[in-house]
Amino acid sequence: MNVTISRAQLRSRYRITGQLVFETALHIGGGRNPAASTDSPVVRDGAGLPFIPGSSIKGAVRAAVEKIIPNLGLTACGLTDASVKCLTAWSNSNPNEEKLKAYEAVREAVGRDPKAIREMEKKLRLLGNPPLDNEGKISEETLLHILDSHLCQVCKTFGAPTLASVIHFHDAPVVEDLWIGVTQVRDGVGIDRDSERARSQIKFDFEVVPPSTFFALKITLENPQPVDLGLTALALQELIAGMIPLGGIRSRGLGRCRLHEPKIEWVDFSDKNMLRDYLLSGKMTPKPFEAFIKEGLDTLLKQGD
């Protein structure tokens, strides 16, 4: 299989670690808890320590990347922008409904001869005539060719309902050695939209993790292409610059953080020595962070040339 977005074989892996240091308080709600002393407690792990769900980090990073890359000549559907050539957004769009139905029909026909299915050849033409296997049947590779040409770059890197993500964000636990063990409860009030005054009977409170708290960030990439690494470099730069706030109530200043002491390691599974070190001792090869960022951003900047 020669499609670059194939996830079938593990070809390379990158591991990025660092610490998210909060300059302002953080609130990530853990849902209502009758036993809690606040209306909105922060999310905690089984040991009672605050943590940041990987899904929260991924969502914030993806949104930040989506806002920037159109300036670099790359596409981002934002999951809903049907004007972008992306199957993910087409699910909510009538103008491209025919292509979406064609893809779903092709997906259902994997392993079959398209000539034996009514109008299947027409559907394949509509999707750009992706290659069939050696027996002239629709294969998984056929689907990957369609996804490679009909997904935006953000969906290819961060994932979509039709394709697994290249980049994975782990839950970020609080760094216990630096954790002071204290949270804060803040008050809030409901505001009347017309009078812009506080509304009576609408007072609430919420729990926050205080500023200067450290969380351990861990990101893994599997089989990334140069553009995937470029988007990762862009995201890391924004985290270092403190431009990706996390959690809720961000418009009131919460969730401001910066990435400190980032490290990158990687393994090329086609390199016998790197594979041996990884399998026998779990060792991955360090990669200079500054070089990784420069190489990745150069790749993105060339896309817009």
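**Salt bridges in the model**

Reply: The model is a predicted one. The number of salt bridges counted in it is nine.

Me: What makes Arg 13 and Glu 222 a salt bridge?

Reply: The closest N and O atoms of Arg 13 and Glu 222 are 2.9 Å apart. The cut-off is within 4 Å, so the pair qualifies as a salt bridge. This pair links distant parts of the chain, with Arg 13 in strand 1 (residues 12–22) and Glu 222 in strand 7 (residues 214–222), 209 residues apart.

Me: Why is Arg 13 called buried?

Reply: Its relative accessible area is 19%. Buried means under 20%, therefore Arg 13 is buried.

Me: How do you know whether Glu 222 is buried, partly exposed or exposed?

Reply: Glu 222 has a relative accessibility of 26%. That lies between the limits of 20% and 50%, so Glu 222 counts as partly exposed.

Me: What separates Glu 66 and Arg 62 along helix 1?

Reply: They are four residues apart in helix 1 (residues 54–68), which means a separation of about one helical turn.

Me: Why do Lys 101 and Glu 97 count as a salt bridge?

Reply: Their closest N and O atoms are 3.3 Å apart. This is within 4 Å, so the label applies. Lys 101 and Glu 97 are four residues apart in helix 3 (residues 97–108), about one helical turn. Glu 97 is partly exposed because its relative accessibility is 32%, between 20% and 50%.

Conventions: Residues are numbered from 1 along each chain as its sequence is written. This is a predicted model: local features need pLDDT of at least 70, side-chain atom pairs count only at pLDDT 80 or more; totals for chains, interfaces and linings use all residues. Side-chain values use heavy atoms; hydrogens and water are left out. A salt bridge is a side-chain nitrogen of Lys or Arg within 4 Å of a carboxyl oxygen of Asp or Glu. Helices (H or I, at least four residues) and strands (E, at least two) are DSSP runs, numbered from the N terminus. Buried means under 20% relative accessible area, exposed over 50%, partly exposed in between (1.4 Å probe, protein chains only).
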